[in-house]
Amino acid sequence: MNTVASIAAKRDGRELSPDEIASLIDGFTRGEIPDYQMAAFAMAVCCRGMSLRETAALTEAMLHSGVTLDWPDDGRPRVDKHSTGGIGDKTSLPLAPLLACCGMRVPMISGRGLGPTGGTLDKLESIPGFRTDLSTHEIQRIVDRVGCVITGASDEIAPADRKLYALRDVTATVASIPLITASIMSKKLAEGLDALVLDVKHGSGAFMKSVDDARALARSLVDTGTRMDVATAALLTDMNQPLGWMAGNAVEVDECVALLRGEGPEDLKSLTIALGAEALVLAGESRHREAAETRLARELESGRAYEKFREMVAAQGGDLEAPREAAKPRNVSRDKSGYVESIDTEKLGLAVIELGGGRKHKEDRIDHAVGIEMLVRIGDQVESGRPLARLFTRGPCDEATLLVEAAFSFSPLPVAPPPLIVERIA
Ligand code: URA
């Protein structure tokens, strides 16, 4: 295959064949196609886009660059959820055990924090002993016995994506819907799924700021999953304020434990149940979303989902009862009154990083004990001086305080809170 000809074809807006795409990815993964050629190809895709056929071929080639999980057919569908990420976005923790309680197998491979958005693995590692580096064999054993697992991707899963993502990160080629689609879907489909539900977020704390961009990404992800014979649907959801009250690591685990014990914030509960219901319908386990929602709510309220979570944590070496460290609380207020009009949610994510709860550099260690508790939401009426948020901090936190103060804007007139679930795409 002629690599230069393929790059030129994409540069000129021509559609590449699945074979051309497979050779590019195969050559790149083996080190036969150098970074500079792959960077040129990624830029051509950024500028010219890809057809659905090309995006599916790219996803397939990246998926087959590594191992895929193979499951015996024991009658339990394999399902998972992927979120494009946000602040306080913690639905994976309650959702995996909830779906396992409903007879699903959930081999959830998750990631770490990316920029201001938190990462599921970082949150779970605030549970003493919890392991996120399970081997393929361990994933299969625990899913078989417990029904769910939440772990990191081993080097064997979609290695082409790891290599290509590192290159995109430094060549301004991350923001491309076909490249994002292939990156996300190759990792998720390597789990050997029957059904996948996507939570595509938009707003001030999301990767996609506008609902139109989020819709376009959701469409591409759903079409690609469907084309690859995995039942796929997406919910477009709001990230103009954090999900739940907590953002950080241990504080988010605490909030999920509260939810699994039948408490916890209403928005987190309703989104977890909505995503779970989509997964049960996609997997053919429920015929109607309403019935699936009722079943999931029952699993939460009965305490069975909490017990399942505890079982999963123990199987992964963690101790859910062991105390999780919490840093000292410190309130943040403003001398303004009115209705909370908007929250620059990305600033809250940056504040968590300033406190030490996220990474500025890839090799930074996370402080699991720090974080933010939101004390108001969009639409709340506040008096001057009322605390807006509480920081959990190890010491002086001027930068984080400034970021949190600057995140809030107020209106003298009442403000309607944004809807949490905007649209369903299937
Ligand atoms: N997350 C991914 O896994 N890949 C992308 O390309 C962007 C976000």
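Apart from neighbours within four places in sequence, Ile372 is in contact (heavy atoms within 4.5 Å) with Trp245, Met246, Ala247, Leu348, Ala351, Val352, Leu355, Ala389, Arg390, Leu391, Phe392 and Val404. The model is predicted, with local features needing pLDDT of at least 70 and side-chain atom pairs counting only at pLDDT 80 or more, whereas totals for chains, interfaces and linings use all residues. Residues are numbered from 1 along each chain as its sequence is written, and side-chain values use heavy atoms, with hydrogens and water left out.

Ile372, together with Phe309, Val404 and Phe408, touches the most other members of the largest nonpolar core, which has 86 residues. Such a core is a set of buried Ala, Val, Leu, Ile, Met, Phe, Trp, Tyr and Cys residues joined through side-chain atoms within 4.5 Å; buried means under 20% relative accessible area, with a 1.4 Å probe and protein chains only. Helix H12 gives the most to this core, with eight residues. A second, separate core of 24 residues includes Leu63, Leu193, Leu196 and Ala218.

The axes of H12 (residues 266-282) and H5 (residues 92-101) come within 10 Å and cross at roughly 40°. Helices are DSSP runs (H or I, at least four residues), numbered from the N terminus, and axes are lines fitted to C-alpha atoms over the stretch in contact, with angles from 0 to 180 degrees between N-to-C directions. Pro94, Leu95, Leu98 and Leu99 of H5 meet Thr272, Leu275, Gly276, Ala279 and Leu280 of H12 in this contact.

Thr181 is found in helix H9 (residues 177-189) and, at 0% relative accessibility, counts as buried.

Notes: Helices (H or I, at least four residues) and strands (E, at least two) are DSSP runs, numbered from the N terminus. Buried means under 20% relative accessible area, exposed over 50%, partly exposed in between (1.4 Å probe, protein chains only).
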